[in-house]
Amino acid sequence: HGAGVNVDEFSVLPYVKDCDTTNFLFVGRVMHEKGIAELLEAMKMLLSEGIKCHLDVLGWCEEDYTTILEKYQEEGWLSYHGYQANVVPFIEKCHCLVLPSWHEGMANTNLECASSGRPVITTNIHGCLEAVDDGISGFLVEKQNATSLYNAMKKFCMLNYDERRKMGLFGRTRMEKIFDKKIVVAETIKAMGI
C-alpha cells in the first residue's frame, strides 16, 4: 500500500453543494503517461453533449502541453494552475479527482483525495485500482481509453449531491481501514521483524 496516507492531514472536507457544473481535478505531472490526452479528450466529449463540467489541472508540464492548456483555458472549461505545494484548497472545491495514469507505484493523489472525502476516477491498473472500490467510492477505467474515461465521467456527472457525497465518504472509510499511514508503517515494521 505504498507509504499510505496521513488521514489527519487529509481529513474529510465539506462536500461541494453546487452540482450544476461538475468540477473535476487532475493532480500530477502533465504528460502522456499520466493520461492527460485521454482526459482532455473525455472532457471535450462531455462538453460536446452539453454536460456542464470544468477541469482544474495541477502539476508541471513535463511535456509540451502549454499551448493546448492555454487554448482550453481561453475556451473557459479548464484552469491550469501549475505546480502547487498545497493541493488541499483545490481538493476542497472539486467534486471528483480524475487520474487516468498509464502506470503508477502507488498514486498518492488518489489516496489524498479519497481521504479528503472525494470520489476518484482512475485507471484499472495496479498502483491506482487499490484506492477505489469500483462503483462505490469512484470508478475504474481502461488504460489509454478516452471513451472508457468519458463514460465514467459522464456517469459521475449524472449523480446527485447525496450520491456523490456518499461515494466520497466510502472512499474515506477505505483510506482509514487500509491506507492509514499509521497502519501501513506498523505493518511494514512487523513484516521486517523489528
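Is L169 buried, partly exposed or exposed? At 31% relative accessibility, L169 is partly exposed; buried means under 20% relative accessible area, exposed over 50%, and partly exposed in between (1.4 Å probe, protein chains only). The model is predicted: local features need pLDDT of at least 70, side-chain atom pairs count only at pLDDT 80 or more, and totals for chains, interfaces and linings use all residues. Residues are numbered from 1 along each chain as its sequence is written, and side-chain values use heavy atoms, with hydrogens and water left out.

**Sheet**

- An open sheet is built from 6 strands in the order β3-β2-β1-β4-β5-β6, with parallel pairing. Two strands pair if DSSP finds at least two bridges between them. Helices (H or I, at least four residues) and strands (E, at least two) are DSSP runs, numbered from the N terminus.
- β3 (78-82) and β6 (138-141) are the edge strands, each pairing on one side only.
- From one strand to the next, the twist averages 20 degrees.
- β2 and β3 pair in the parallel sense over 4 bridges. L58 stands opposite G82 in β3.
- Helix α1 packs on the sheet and touches β1, β2, β3 and β4. The direction of α1 makes about 160 degrees with that of β2. Axes are lines fitted to C-alpha atoms, for helices over the stretch in contact, and angles run from 0 to 180 degrees between N-to-C directions.

**Nonpolar cores**

- The largest nonpolar core holds 36 residues. Such a core is a set of buried Ala, Val, Leu, Ile, Met, Phe, Trp, Tyr and Cys residues joined through side-chain atoms within 4.5 Å.
- F24, L39, M43, L55, I121, M153 and F156 touch the most other members.
- Two or more residues each come from β1, α1, β2, α2 (66-75), β4, β6 and α5.
- Leaving aside neighbours within four places in sequence, F24 is in contact (heavy atoms within 4.5 Å) with residues including M43, L55, V98, I121, M153 and F156.
- Another core, of 21 residues, lies apart from the largest one; F10, A114, V120 and F179 are among its members.
- In soluble globular proteins, nonpolar side chains tend to be buried together.

**Salt bridges**

- There are 8 salt bridges in the structure. Each is a side-chain nitrogen of Lys or Arg within 4 Å of a carboxyl oxygen of Asp or Glu.
- E104 bridges to K34, with the closest N and O atoms 2.6 Å apart. This pair links distant parts of the chain, 70 residues apart: E104 is in the loop between β4 (96-99) and α4 (108-115), K34 in the loop between β1 (22-27) and α1 (36-48). K34 counts as buried, at 11% relative accessibility.
- K44 and E41 form a salt bridge at 3.7 Å, N to O. They are separated by about one helical turn because they lie 3 residues apart in helix α1. K44 is partly exposed at 34%, and E41 is partly exposed at 35%.
- E49 pairs with K154, their closest N and O atoms being 3.0 Å apart. The two are 105 residues apart: E49 is in the loop between α1 and β2 (53-58), K154 in helix α5 (residues 146-157). E49 is partly exposed at 41%, and K154 is partly exposed at 29%.

**Around L169**

- L169 is found in helix α6 (residues 161-179).
- Beyond neighbours within four places in sequence, L169 is in contact with V12 and G117.
- L169 and L13 are 156 residues apart along the chain, and their C-alpha atoms are separated by 10.0 Å.
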